2 protein chains.
Amino acid sequence: MGSALPGLPADGARRVVIESITPCVDGGRFAAKRIVGERLVVEADVFADGHDAVSCAVLHRAEHEREWQRLRMVPLGNDRWQAAVEIVDLGRHLYTVCGWVDPLETWRGDLAKKHDAGQDVSVDLARGAQLIHACAARVRGAAERELNAWADELVAGSTPVAERVARAQDATLHALAWRHPDPELVLTREPPLVLVADRERARFSSWYELFPRSTVQGAGAPAVTGRTPRHGTFRDCEARLPHIAALGFDVLYLPPIHPIGKTERKGPNNAPSTSPRDPGSPWAIGGDGAGHTAIHPELGTIDDLRRLIARAGELGIELALDIAFQCSPDHPYVREHPEWFLERPDGTIQYAENPPKKYQDIYPFHFETSAWRELWEELARVVEFWAHEGVKIFRVDNPHTKPFGLWEWLIERVKRCTPEAIFLAEAFTRPKVMYRLAKAGFTQSYTYFAWRNTRDEIVRYFTEITRPPVSDFFRANLWPNTPDILTEYLQYGGRAAFIARLVLAATLGASFGIYGPAFELMEHTAREPGSEEYLDSEKYQIRSWDLERPESLAELVALVNRIRREHPALQSDARLVFHGSDNDTLVAYSKTTPDLSDAILTIVNLDPHHSQSGWIDLDLRSLGLDSDRPFQAHDLLSGARFLWRGARNFILLDPAQGAAHVLHLKRRVRSERDFDYFG
Amino acid sequence: MGSALPGLPADGARRVVIESITPCVDGGRFAAKRIVGERLVVEADVFADGHDAVSCAVLHRAEHEREWQRLRMVPLGNDRWQAAVEIVDLGRHLYTVCGWVDPLETWRGDLAKKHDAGQDVSVDLARGAQLIHACAARVRGAAERELNAWADELVAGSTPVAERVARAQDATLHALAWRHPDPELVLTREPPLVLVADRERARFSSWYELFPRSTVQGAGAPAVTGRTPRHGTFRDCEARLPHIAALGFDVLYLPPIHPIGKTERKGPNNAPSTSPRDPGSPWAIGGDGAGHTAIHPELGTIDDLRRLIARAGELGIELALDIAFQCSPDHPYVREHPEWFLERPDGTIQYAENPPKKYQDIYPFHFETSAWRELWEELARVVEFWAHEGVKIFRVDNPHTKPFGLWEWLIERVKRCTPEAIFLAEAFTRPKVMYRLAKAGFTQSYTYFAWRNTRDEIVRYFTEITRPPVSDFFRANLWPNTPDILTEYLQYGGRAAFIARLVLAATLGASFGIYGPAFELMEHTAREPGSEEYLDSEKYQIRSWDLERPESLAELVALVNRIRREHPALQSDARLVFHGSDNDTLVAYSKTTPDLSDAILTIVNLDPHHSQSGWIDLDLRSLGLDSDRPFQAHDLLSGARFLWRGARNFILLDPAQGAAHVLHLKRRVRSERDFDYFG
């Protein structure tokens, strides 16, 4: 073919192979994600040609540290090796695997086999002494002396061979020698992989969304009362905090709090505004000369916000702000940085559109501008501004309409200074786009949960997103509703549908959230048939909510959140297991702690209209249960206790009584008389 | 954390994403494999943020060429794109994927939607003209003029808008513009991936192994006759060629043909030799001052070998030689290059061992020697020596006991000059080691086939190795027996077992081989119970074979090979599909050509002792068959023709009559009377 012959490799004597390191997101292109306090289980295929023993270790360090920590890997069989690294610090870590053909391990095993077979091993003992002396030559001080002494003992003619063979197996000295392999034989996989360690709330969080302007307590929608409530303020939000705390939420998410544009402002139900009193959409950001770092005057001042953050903190609630990188036509950026927008041939600025739909109240940024560097810097400054104000959680609006590279850079940059920052990606788009955003660095992601209604849909989707490789980079946050999403299931399913979706979200997802007032009060009227938009949506008008209405789901929401707090099994998605049932309207799944000390089995009737019954077929092993010993299933929703034995158990769920069981399974049953059930 | 803030990326305005390119072996670390004449189907996930259209293309070239060929990819849905490259040349090729956010494609789609919705599109037409002028500025000559003219037409006020909107969709001009995207927006995945294109025999080959010294026709084993046959020669091999050609084989593989060491020589049945007349093992290479590039004098001369190669070629048979990188103690390397071997503390050279077993007639190379570079060069020269003699196929002995890096370098080097070279890896070892050797460059690999006896074992194993990712780098060569492997199944299964394993090997594997004389004559006596070694193995003594014995399987072997030659479906493993059966001793599978014009369904009774019957449940779609039209199943082994209809068909296989069906399925049945079956 006329091509040059391939040159010899640099390290032909380095015979070990390291393959298939996990976790490893897209071949190392992106960081894997874990939580401080968890263990990072690293695995790899490590082997060599021939029959020689290999050794290997995980190398790991915080990114800012110099020294690698080395952790010996243990074989799992089939050439797979494993070690588990404790994650102590927040932030970015590096890890990789090194391995080597280990002549001392080979020798140790061969020597024992030959001696057991009655063969003369004197030459082998001498060979071992050679290897150990060579190892000693690589170290200094006490270790050197210990190794040399050991080598000498192996060839001391005065000692009986059997004693020397036994001495050759000294575990402590082998461990010492293991720490000093011949660097010529050690292969380290380069470049190292990256791990981002987040705080616990990245894994386990309960979100409550409200519109701060709709916090004046009222008796219903304007359509019902005919009155327009006054504009709520951060002070009104403060007054709402005890309610949110009582419901058990730990994140309060507010839609954008910035000045709202007046040009092309939208009125109720997304119609063009016809009244100067229409408050506009909070996502049409920018007006009165102020933009993404300003506060809408009717909500209050920066001091009011600081007070709200502080008061919420006292109740264990963190504030999450909305990052929506788009502008109303009145945003100061439009005047000051026209180069950040696309100019149309007629000299106007390109508004948002999804042809033939037009959104003239919104100007998107033009990310292909040659001034993209300045634009990115400014957008990072916006997030950093709020981070400096003490906001550590950001719900990012439509991140899939901005470049992935922007997020990758921006999130890494913000987290360098604020490693506790959490970014939730509000993308409801195609699967690969959702996943790419998560890889780019989003801490949590909205999901397709709202539209996964049948058992098969739920099992497939949650099996996919809670297991590697997806779970290494994607953390779900489940929302049964949002201000944009009122599903058909909720529109037509009645109270049982709300309960089923609440229980599913809160038990399938360690992180979940509700668009609060509308969910508590089971708001379920769509703008028009076939739409998922709320009628009289808060996005375009001020609402007031009578949270004291007797049909409110507040009590159930509070109970569900208490169960989540009290049961660590529900605080992670890592051990979600689905169980069989012979009625496909009954979905059954469990979560357990790694030590199986806590096990929660949830069973939901997905049919909001009819009683459903069937036999559940439990995967007992995943629950740590014996097939021949009874166990208690304590329904944490109803308080009922059942005594079960074995895998198959009968379930009947009447939507009028309760659409779900959330069962705490207790294994250590002393006798059947211990149960109230037999009371 | 004190770390520096991450810098802006170089290409923040390049918004497109390219992920998950296939084929891609270990993230691009190794080459994928295909055959000249096949198509390389390249796929990738390509998408961008937002709603803009993306375009993408496969870039490909032979490694020695300068210019990339560009082939437009088409969308498969779910952001997956595909294009198929015709592979014309032998050797190494490069390929990758490039993509870009495509403003003209976006504009083209949006314009149509807006116009259809009755919106004013004058500004949009002007925007398109801008984009097209910008594209024209990137080209010269006629293309530039065509594009500029097109842009001008779109804004020609004298032309009705509807006409201009129609003009905006001109497919030819769009195709022209597509070829000249803005280079600032084009992302090319780097580095490119490597493809190795082999010749057809790498995919479809029929191997016959014999010991050239055992080619003197005789009447049985010495144990039977008491006579020791004379040493066969290359001339005797020549005389055997017509037989091998009649059997239908196209590769004749000879164990090592080099001088054999005398020191520690092994005698019959691997016992230490006690007679100077013992010929020794051909794998104990080196003696009388000659080694890996010499010919054992009793076999003949280099001219005899050349003649054998030429004669074989005339019959369509290629010679495959054995590459066994190890030495007898008498090999000249031992004297000339002691640094290539491991010296023991007592000054002797380390012989091969697998403690407590010792192989004192074999010295392995010490690949961790500091002189590994010289050793590798010498080993490459050995292969090149035989390649220059016209040998293009090499069966490599125990490659898993030599460094993977050696093979990667050596095979690439040999194939630079001899791209038609084929290397078969004789490794029977752990799965990941087998796969790594294939990734390192071996063209074909021995497999676990010999020990996969039950239906479940066969289905699992062949599903794994015939599909990506494994099939992108691993090509199976199936052997029911070898001089080292006489399975229990063959030892105790009688004639039916030999037939079943022959049919399985020849129809599951596009490449298969037999250790010929022993297979034809159903040699089945092991050295001792529990052993897979042949009694009186040819590895250690000269045998003579009476190939005319009436019970010989020669006729069946010839028939099976004829079926393989006549049916392209059997010449590839890419479309192997297993079909259901309600009796798990019946395994059913099919192979088809990509256009479904040839379809072979094989059904084997895996129980050599009993008749077995059951219902086969065909995956009709994979066979291109309709469920409501009859089709003919013509048994190419027995000649019988069956008329079948639908998926479920009854099968009875009596091992005394025939352990298998090899059915040619014919779809185009004119009427049922066409069949002999209805005679």
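Reader: In which sense do strand 23 and strand 24 of chain B pair, and over how many bridges?

Author: This is a predicted model, and what follows should be read with that in mind. Within it, strand 23 of chain B covers residues 586-592 and strand 24 of chain B covers residues 599-605. One of the residue pairs is L586(B), whose bridge partner in strand 24 of chain B is N605(B). The two strands pair in the antiparallel sense, over seven bridges.

Reader: Which strands form the edges of the open sheet of eight strands in chain B?

Author: The order of this sheet in chain B is 27-26-29-24-23-22-25-28, with antiparallel pairing, and the twist from one strand to the next averages 30 degrees. An edge strand here pairs on one side only, and this holds for strand 27 (641-645) and strand 28 (648-653) of chain B.

Reader: At about what angle to strand 23 of chain B does helix 14 of chain B run?

Author: Helix 14 of chain B, residues 488-508, lies across strand 22 (577-581), strand 23, strand 24 and strand 29 (660-666) of chain B.

Reader: In the open sheet of seven strands in chain B, what is the strand order?

Author: The pairing in this sheet is parallel, and its edge strands are strand 20 (444-445) and strand 21 (511-515) of chain B. Inside the sheet, strand 18 (residues 393-397) and strand 19 (residues 422-426) of chain B run parallel and are joined by five bridges, with F423(B) in strand 19 of chain B as the bridge partner of F394(B). The order of the seven strands is 20-19-18-13-12-11-21.

Reader: Are helix 11 and helix 12 of chain B roughly parallel or roughly antiparallel to each other?

Author: Helix 11 (residues 404-417) and helix 12 (residues 431-440) of chain B pack with their axes 8 Å apart and at an angle of about 25 degrees. In the contact, F404(B), W407(B) and E408(B) of helix 11 meet V433(B), R436(B), L437(B) and A440(B) of helix 12; by class these are five nonpolar, no polar and two charged residues. Angles under 35 degrees count as roughly parallel, and the two helices are therefore roughly parallel to each other.

Reader: In which hand of crossing does helix 1 of chain B pass helix 2 of chain B?

Author: Helix 1 (residues 103-116) and helix 2 (residues 122-136) of chain B pack at an angle of about 165 degrees, with their axes 10 Å apart, and are therefore roughly antiparallel to each other. Among the residues in this contact are W107(B) and L111(B) of helix 1, and L125(B) and L131(B) of helix 2. The crossing of helix 1 of chain B past helix 2 of chain B is left-handed.

Reader: Which residue of chain A comes closest to the rotation axis?

Author: Chain A is superposed on chain B by a rotation of 180 degrees with 0.0 Å of shift along its axis, at an RMSD of 0.0 Å. The two copies are thus related as by a two-fold rotation axis. Of the residues of chain A, the one whose C-alpha comes closest to this axis, at 3.2 Å, is G27(A).

Note on methods
Residues numbered from 1 in each chain as written. Chains lettered and ligands numbered in written order. Predicted model: local features only at pLDDT ≥ 70, side-chain atom pairs only at ≥ 80, totals over all residues. Heavy atoms only, no water. Axes fitted to C-alpha atoms, helices over the stretch in contact; angles between N-to-C directions. Helix = DSSP H or I, 4+ residues; strand = E, 2+ residues; numbered from the N terminus. Parallel < 35°, antiparallel > 145°, perpendicular 65-115°, else oblique. Contact = heavy atoms within 4.5 Å. Nonpolar A, V, L, I, M, F, W, Y, C, P; charged D, E, K, R; others polar. Least-squares fit on C-alpha atoms with pLDDT ≥ 70 in both. Pairing = 2+ DSSP bridges. Left-handed = near helix turned anticlockwise from the far one by under 90°.
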